[in-house]
Amino acid sequence: MIETVASVGLEIDERLTIFKNRIQPEKMTGNEKRICIVTGIHGDELEGQYVCYELNRILREQKERVKGIVDIYPAMNPLGVDSITRGVPGFDIDMNRIFPGSEEGAVTEHIATQIMEDISGADFCVDIHASNIFLREILQVRMSEGTAEQLLPYAKLLNTDFIWVHGAATVLESTLAHGLNTSGVPTVVVEMGVGMRITKSYGLRLTEGILCLMKRLGIWEGETIAPKEPMTSDNRKIGLVHANTAGIFLPSMEHQGMVGVGERIGEILNPLDGTVLETVVSPVEGMIFTLREYPVVSNGSLIARVLGGEGE
């Protein structure tokens with residue numbers, strides 16, 4: 001059942017409208033659990049589109065196995081998705097920095113409030129993001145330390161490679177996930193892939209993980225997999241690798257590959273004179289979970305993140 005979440009008028013007789021698809025049992029008892037699957041807050045992050053498609057397809061084909069309410073929101077920033085724009089076009093604003101919004105605020109703040117109201121009361125929410133066009137990420141869940149105790153048992157069901165628990169949440173206080181967690185809706189953030197692209201294997205894995213989560217919540221009684229046991233950031237060092245010069249980055253390691261201390265991750269090249277400007281090495285031993293995708297770099301550009309071993 002397609003429903004309108006928010007709709008506001010724009011210039012030249014256009015409208016900004018956000019839709020969701022609600023899937024629920026034909027016979028309701030009034031005690032059903034509800035899960036919300038959210039994506040498309042950043043218009044250039046498309047990885048969640050395939051997850052929404054797969055979930056809709058599976059639940060439609062096996063509707064008799066749905067025992068709760070599933071709300072699927074494919075495009076929280078539809079103008080951004082249509083125009084391949086991270087923020088909301090015409091407003092020059094990052095939608096994920098204005099929650100919980102304001103009923104009497106500007107258009108985007110008004111919409112943010114309506115989104116919060118629509119999700120309010122849900123038993124769980126999965127907020128799906130992709131990386132930007134510059135970096136490629138493994139399939140991972142991110143959360144703050146303040147929510148980890150509550151969310152970790154559920155996050156481990158999502159069939160991801162990694163759970164990153166952040167030590168500080170101050171920069172996240174205006175995000176949808178922070179707003180929902182604060183209001184009592186348990187919410188995890190999933191990051192994966194690269195901007196403006198869809199990584200089918202990640203989408204399929206996350207879909208299987210969401211079904212596992214739905215089964216735990218009593219929303220789904222169909223078949224599920226045994227989800228992959230993810231690594232967590234507990235007692236591990238995150239090695240950050242930045243460029244010290246401007247040029248073209250050419251990796252010599254694979255994304256999600258293992259690297260040793262001081263081992264070469266890649267080189268920054270100068271196409272003008274054919275020289276190597278910098279050999280980029282890892283500060284720790286571990287797995288490359290973030291790797292530069294867009295080759296052009298400047299001084300300070302993030303090249304990679306390396307997840308160190310336990311006890312680092």
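In which sense do strand 6 and strand 15 pair, and over how many bridges? They pair in the antiparallel sense, over three bridges.

## Basis of the model

This is a predicted model, in which local features need pLDDT of at least 70, side-chain atom pairs count only at pLDDT 80 or more, and totals for chains, interfaces and linings use all residues. Residues are numbered from 1 along each chain as its sequence is written, and side-chain values use heavy atoms, with hydrogens and water left out.

## Overall form

The protein has six helices and 17 strands. Helices (H or I, at least four residues) and strands (E, at least two) are DSSP runs, numbered from the N terminus. The C-alpha trace spans about 65 × 50 × 35 Å along its principal axes. The radius of gyration is 20 Å, which agrees with the value near 20 Å for a compact globule of 312 residues. That radius is taken over C-alpha atoms, and the globule rule is 2.2 Å times the number of residues to the power 0.38.

Of the 312 residues, 52% count as buried. Buried means under 20% relative accessible area, exposed means over 50%, and partly exposed lies in between (1.4 Å probe, protein chains only). The protein exposes about 14,200 Å², and carbon and sulfur atoms supply 49% of that area. Accessible areas come from the Shrake-Rupley method with a 1.4 Å probe; for residues, only the protein chains shown count as cover. Among contacts with a separation of 6 or more, 69% link residues 24 or more positions apart. A contact means heavy atoms within 4.5 Å.

## Strand pairing

Strand 15 covers residues 286-292, and seven of its seven residues are buried. Two strands pair if DSSP finds at least two bridges between them.

Met-143 stands opposite Val-165 in strand 7. Strand 7 spans residues 162-166; four of its five residues are buried, so it is largely enclosed by the rest of the structure.

## A nonpolar surface patch

Phe-134, Tyr-294 and Val-296 make a nonpolar surface patch of about 250 Å². Patches are made of residues with over 30% relative accessible area and no salt bridge; like charges are joined within 9 Å, nonpolar side chains (Val, Leu, Ile, Met, Phe, Trp, Tyr) within 5 Å. A salt bridge is a side-chain nitrogen of Lys or Arg within 4 Å of a carboxyl oxygen of Asp or Glu.

Phe-134 sits in the loop between strand 5 (124-130) and strand 6 (135-144). Phe-134 is partly exposed, at a relative accessible area of 34%.

## Backbone details in loops

The peptide bond from Phe-99 to Pro-100 is cis, with omega near 10 degrees. Pro-100 lies in the loop between helix 2 (78-83) and helix 3 (107-119).

Asn-235 is not a glycine, yet has a positive phi of about 60 degrees. Its loop runs between strand 9 (231-232) and strand 10 (236-242). Asn-235 is exposed, with a relative accessible area of 61%. Gln-256, also not a glycine, has a positive phi of about 70 degrees. Gln-256 lies in the loop between strand 11 (247-251) and strand 12. Gln-256 is partly exposed, with a relative accessible area of 30%.
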